[in-house]
Amino acid sequence: MQQAGEGVLDVVRAPADAQARERLLRGYGQRPEVMFAEQDGRVGIQQVSNDPSLSTLWGMQSTGFGSGAVGAWGRDITGTTTTVVGIVDSGIDYTHPDLYLNIWLNQGELQGLSFFSTLVDTDGDQLISFRDLNNATNRSNPAAGLTDWNGNGYIDAGDMLDSRSGWENGVDNDSNGYRDDLIGWDFANNDNDPYDDNSHGTHVAGTVGAMGGNGLGVAGVNWQVQMVPLKFLARSGSGSLSDAVLALDYFTTAKIQAGQRGETGQFVGTNNSWGGGGYSRALENAIDRATQQDLLFIAAAGNGGLDGIGDDNDLNPSYPSNYSSSNVIAVAAITSTGDLARYSNFGSVSVDLGAAGSSVFSTVPGGGYGNKSGTSMASPHVAGAAALLKSAFPSATAAQIKRALLESATPTASLANKTVTGGRLNIPAALDRLGALVVDPTLPMVSVAASDAAAAEAGQAPGSFTLTRSGGTLGQSLTVSFSLGGTATAPDYAPSLGSTITFASNQTSVVLTITPVDDSLVEGPETLVLNLAPGSAYAIGTGSATVTIADNDAAPPPPTNQILWGTTGNNTVTGGNGDDRIAGVPSSGTSAAALGRNQIDSLTGGGGRDTFLLADSRGTFYNDGSRLSQGTEDYALIKDFNAADDKLQLRSDSQYLYRFSGGSTEIFLGNGDNRFSNADELIGKLEGVNLVPGTGAYILGTGNSWTTFI
């Protein structure tokens, strides 16, 4: 430049913090002698995975419905050795040749070992990792006792946990309550060996961080990363919520202690590919503690119920993905054709985005590889993406990473109205979005709270949401978008809230008030959830709030199952809403009058599943005893028989016939000769119902669903 007469090209060393770097760049560029100022970027060979099974990893591809991880690798963004992710699962096969270098080492525990000072940080990341331990400098150090005890050709956690290694000194060196927790902890068995004896956790770990570019097997979203095995699921695949709480708190404490020791490790959050057990206050509190330490909680949305079909998490919460903490990211599963997987749960309010979950190829214990499907496989794609974003922008907060992931999601038809974003994971777009968020700290922060969370139909007591903004330029107006969810709909309250609000110039808060409509419907408590929608002009702090509307309409009393009897005269007997037993004759007596001779009874069941008695232990009712007529002067007229719900009670020692005539199914007591004649006695009519298979009369067998025989 100087030789061309364009001045001198100065190179200025900038601070590592992105915001400080941006201030320096702006200030330097404003100097009168400076023509322009720009960031000195890095260029190099574009990374291309040489892992032989890359082509099977459809979820990593930039084509089709993959996450675009391949595109991020092409920009030389492949992760760092200082990025830390917790794998809360069934453990990890830490000896796997595609994982062993990316297993976390607890620096606090290592620093208490007598030979720690002899270890060399060979890659300069200010941490001792398995990459350092496999370097010849450390392997040749006799003080470290680095011996390949399991004989696989490299140093892995299995060698360190071998009783002969000398790396376990029986002391809780970092005072976190766990002795010799060199790489994590097994909460299922309460020991320091979180080896995966199920395979689920190893498969998840491979998606987050299988070693890339090593010419072996597969590649994770992060080629370099540190994964903490937090085993709380046993060999069976199940575990206790209390152990899950311990696992989460372990990771949160690990971040706190690393910060206190001044380490360079960047703790991102945990992957949680598990579910069940219902709501737990203890687990929610553990997630909130992680939130307070700026850690993400990335969770599988769940795989539906016993029918194998995904459920709506808005209506049927699936935990832990349904916890409302601001650091939770809930992930649905899509197929390689872009469809929402049949088994995947969904939720326009409670599930954030989709990612590859079907036929995902990854690592399994014993050094192998295999396919698995489920939202368990989708979640680690997003957890891996969060770690990759953190590696590219170390100063990014958990809220910024979550915002970048959600705002950059690629719209996907199968996810429209099924997830918050209506889209799937797009890693390159998320990197771009996070870059804008981190470099531009001037965006205002918008939050929402339920300033009056208890509304009621009685007296039309209102509820309200308050939206606040801070930072940015208060002198400008700001329009914020939102969506509404919950069980309450527009007819339940007034006025309609729309989908946007505007802060006027210098206005820092806006109140949205809703007044319940006092209707006569029995609805029970209803909820109205306001969710802030991402926007390019603002950042989201607390993004969701709920107002509950109390109902003042009493539910009807539960149905009572009745036994209703008639008299010796003509009767009209009507049931209720329960499962009633109804007869037109008296409950006792064996005389002809007590069994219905010479009477016509009108029977109505009402609601419920009713049984109409045309016989009991005393005999068949409405038999006039004459073989010369069909008894048309005594029978039960059943007004509302429903063959799907109701039954006729008859005797098993008698023969019955039935036919359709005059708009009713007629029931006859037969004389046993297997044919229809005047000697057969009419005992009942099912008004307006045809249950006869054809024309003529038929013997009534015992196989009909609408009969019961005693």
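This is a predicted model: local features need pLDDT of at least 70, side-chain atom pairs count only at pLDDT 80 or more; totals for chains, interfaces and linings use all residues.
**Stop 1: the cavities**

A search of the whole structure gives four cavities of 30 Å³ or more. A cavity is a set of points, on a 1 Å grid over the protein atoms alone, where a 1.4 Å probe fits but cannot get out; lining residues have an atom within 4 Å of a point. Volume is the space filled by probe spheres set on the points, with grid points joined across faces, edges and corners.

Select Leu-57, Met-60, Val-360, Phe-361 and His-381. Of the 15 residues lining the largest cavity, these lie nearest its centre. The largest cavity holds about 90 Å³. Now show β8 (360–364) and α7 (200–209), each of which supplies at least two lining residues. The largest share, three residues, comes from β8. Helices (H or I, at least four residues) and strands (E, at least two) are DSSP runs, numbered from the N terminus. The lining has eight nonpolar, seven polar and no charged residues. Here Ala, Val, Leu, Ile, Met, Phe, Trp, Tyr, Cys and Pro count as nonpolar, Asp, Glu, Lys and Arg as charged, and the others, Gly among them, as polar.

Next, go to the second largest cavity, with a volume of about 60 Å³. Its lining includes Trp-104, Asp-174, Tyr-250 and Arg-261. Two of its lining residues are charged, four are polar and three are nonpolar.

**Stop 2: the cores**

Select Leu-133, Trp-167 and Leu-405. These touch the most other members of the largest nonpolar core, which has 78 residues. Helix α10 (residues 375–392) gives the most to this core, nine residues. A nonpolar core is a set of buried Ala, Val, Leu, Ile, Met, Phe, Trp, Tyr and Cys residues joined through side-chain atoms within 4.5 Å. Buried means under 20% relative accessible area, exposed over 50%, and partly exposed in between (1.4 Å probe, protein chains only). A separate second core of 30 residues includes Val-84, Phe-251, Tyr-319 and Tyr-323.

**Stop 3: the second largest pocket**

A pocket is an open set of points with protein on both sides within 12 Å along at least five of seven lines. Select Ser-324, Val-349, Asn-531, Gly-543 and Ser-544, the closest to its centre among 50 lining residues. Then show α11, which gives the most to this lining, with six residues. Domain 2 (54–111 + 184–438) and domain 3 (445–550) both contribute to the lining, so the pocket lies between them. Domain bounds come from an automatic or database domain assignment.

**Stop 4: the backbone**

Zoom to Tyr-319 and Pro-320: the peptide bond between them is cis, with omega near 15°. Pro-320 sits in the loop between β5 (296–300) and β6. Move on to Ala-494 and Pro-495, also joined by a cis bond, with omega near -5°.

Last, compare two residues with positive phi. Ser-199 has about 110° and is buried, at 14% relative accessible area. Asn-674 has about 60° and is exposed, at 53% relative accessibility.

Definitions and conventions: Residues are numbered from 1 along each chain as its sequence is written. Side-chain values use heavy atoms; hydrogens and water are left out.
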